[in-house]
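Trainee: I am new to this structure. Could we go through it by question and answer?

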Amino acid sequence: MPLAQPATPARTATPARLHFSVLGPVTGEAGGRPLALGPLKQRLVLAVLLSRANTAVPVDLLIDTLWPEEPPRTARKNLQVYVCTLRTLLGREEGPDRLVHSAAGYLLRVAEPELDLLRFRALARAGRAAADGGALAPAARLLRQALDLWQGPPLADLRCSPAVEAEADRLEARCLGVHEDWAETELELGNAGAVAEDLAELAERHPLRERLQAARMNALHLSGRQAEALAVYDTHRQLLARELGLEPSPALTARYRELLARGRSRPTAARPERGAAPNGALLPADTADFTGRTDELRDLVDELGEGGGRVAVLSGPAGSGKTALAVHAGHLLADRFPDGRVLVRLRAEDGTTRPLPEVLAELAALTGRPGAAPAGPGPADSGRTDPGQAAALWRASLAGRRLLLILDDAPGEAAVRELLPGFGPSAVLVTSRSQLAGLASVRRIAVPALAPTEALDLLGRIVGTGRTGADRAAAARIVAACGLLPLAVRVAGTRLAVLRHLPLTEYAARLEDPAGALDELVAGDVTVRARLDSGWRDLTDQGRLALARLAALPLALLFTLPEAAAALGRPERLALHTLEALTDTGTVTSPTGEVTAHAALYALPRLTHLHARERAAQALGAPAPS
């Protein structure tokens with residue numbers, strides 16, 4: 001690649017000069033002048049990067065966007081060409097820093113003033129915060145400013161790609177949520193006439209969205225249009241019964257009966273009431289000593305707090321604290337999901353995948369909504385509900401409800417796909433060791449090991465900061481020997497809290513001994529080895545064989561693709577596929593995030609490395625190598 005020429009004032013691009021729009025046709029400007037965004041495939045790449053600005057977009061998703069059916073053999077190289085051209089488009093000086101590549105994919109850095117979507121999200125958050133604080137007039141103004149940024153259907157000119165169309169649908173769902181917030185705020189301010197007119201066409205386009213229908217019904221009633229308000233409910237009720245076999249929610253039905261019994265009055269439930277769900281928060285208790293994860297939490301709250309059918313996937317190796325992070329985020333998002341926050345586990349105690357009917361039955365019991373497949377005497381029973389139909393009923397039951405569903409420890413895409421709402425204000429948070437690349441239009445957030453300072457902080461909270469502060473060097477050795485994994489640090493801290501007599505230096509030496517480290521990471525019935533065993537079982541036979549061979553590499557050292565190929569006994573092309581598959585499961589990491597596979601450095605997390613050596617030795621009937 002030719003060296004970049006020295007910058008000149010005429011060619012310098014500053015962040016303030018660039019502006020992109022996705023809330024309508026995809027457009028770009030530089031210094032107030034339109035940018036030529038290039039051919040279709042290049043614009044598709046830009047659209048996906050902009051719709052997920054400041055977040056790494058997996059390469060596989062970009063390839064699926066460009067070639068949804070059969071990607072060519074040169075797909076990755078072609079994608080690199082489009083990215084290179086986009087860097088030039090963004091400005092010779094800025095391009096390399098704005099559009100970067102890492103192991104997680106391509107990331108486009110955009111500031112809020114440079115992208116209408118980011119501005120929309122900021123205004124919507126500010127408006128909701130003002131409404132929650134009782135400042136209704138400023139809230140209505142901010143929400144209206146957010147809505148005024150829309151110039152038509154999002155990504156309107158690029159919906160030929162199914163991936164882009166799915167992303168556009170989610171953006172539209174987000175807009176609907178803000179529109180509902182605005183309408184409810186204006187109703188509380190007494191501006192029913194404006195709301196009734198504004199929602200007329202929108203409610204007709206989205207007849208199954210209950211919150212929207214409720215706002216329209218209230219607006220019509222307060223505008224003196226009683227018969228029209230009652231007709232909205234009746235039309236909605238008939239549509240639900242005909243299309244989904246459901247009844248309107250108890251809240252909407254109660255409002256309808258109230259309108260029948262009363263004359264003109266203020267709406268009693270225009271804004272969802274806090275804690276109105278029959279079961280409220282059905283989450284495990286929050287972790288009292290939760291530590292770190294500031295960036296991941298901010299991303300989760302920003303993404304899921306918008307509702308509108310958003311789906312986020314937390315992925316990372318066993319023991320990285322994905323569930324604790326999901327539960328912590330769920331508690332922080334209490335005010336955003338008044339219809340409840342629910343966690344269900346997608347694996348049984350033995351690590352096997354739970355059947356879909358069993359999961360649906362638990363969801364139905366927890367939320368009081370349809371979705372369970374009733375048990376019958378056998379497959380031949382004609383009255384037995386089909387799991388696909390039960391799943392469809394579950395998804396339909398989420399329409400108009402603002403619920404946060406946490407699907408914990410997903411073994412694969414198939415265990416998740418049937419449970420995701422197709423529309424509505426509910427949101428889903430999935431935890432998985434895999435990145436679940438087969439799920440389209442989801443926000444993927446990696447959960448790596450803790451930073452050393454965070455791991456030390458966590459250890460100090462468990463054993464006491466006085467004890468760790470007295471021998472900080474030994475404490476640092478302990479968390480390093482734990483691979484900086486939250487589970488391992490927590491187990492080590494609990495063990496030290498029980499064994500008050502054990503010096504930190506001695507325990508650090510035990511953990512640093514490869515032969516006994518996993519034996520030391522046991523606290524009661526919680527063992528790190530058991531979690532690693534589960535990850536090992538998740539791998540295919542070929543994956544376990546590959547991991548066992550890679551475990552012969554030196555402990556705690558980074559390795560290259562040629563070194564991996566030599567350890568695996570495969571050509572580099574095949575070795576690269578193996579490394580990519582193991583990376584997707586969280587077994588292998590790429591800490592440096594270089595652009596090309598040949599320049600990348602890879603690593604086995606320390607405890608995964610030790611566990612793989614142990615498993616390989618067991619298979620051969622020999623002691624694990626030190």
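Mentor: Start with a definition: two strands pair if DSSP finds at least two bridges between them. Keep in mind that this is a predicted model.

Trainee: How many residues of strand E9 are buried?

Mentor: In a regular strand, side chains alternate between the two faces of the sheet. In E9, Leu404, Ile406 and Asp408 point one way, Leu405 and Leu407 point the other way, and all are buried. For strand E9 (residues 404–408), the count is 5 of 5.

Trainee: Which residue is the bridge partner of leucine 404 in E10?

Mentor: E9 pairs with strand E8 (residues 341–345) in parallel through 5 bridges, and there valine 344 stands opposite leucine 407. E9 also pairs in the parallel sense with strand E10 (residues 427–432), over 4 bridges. In E10, the partner of leucine 404 is alanine 427.

Trainee: Is cysteine 160 buried or exposed?

Mentor: The cut-off for exposed is over 50% relative accessible area. Cysteine 84, at 34%, counts as partly exposed. Cysteine 160 has 54% relative accessibility, so it counts as exposed.

Notes
Residues are numbered from 1 along each chain as its sequence is written. This is a predicted model: local features need pLDDT of at least 70, side-chain atom pairs count only at pLDDT 80 or more; totals for chains, interfaces and linings use all residues. Side-chain values use heavy atoms; hydrogens and water are left out. Buried means under 20% relative accessible area, exposed over 50%, partly exposed in between (1.4 Å probe, protein chains only). Helices (H or I, at least four residues) and strands (E, at least two) are DSSP runs, numbered from the N terminus.
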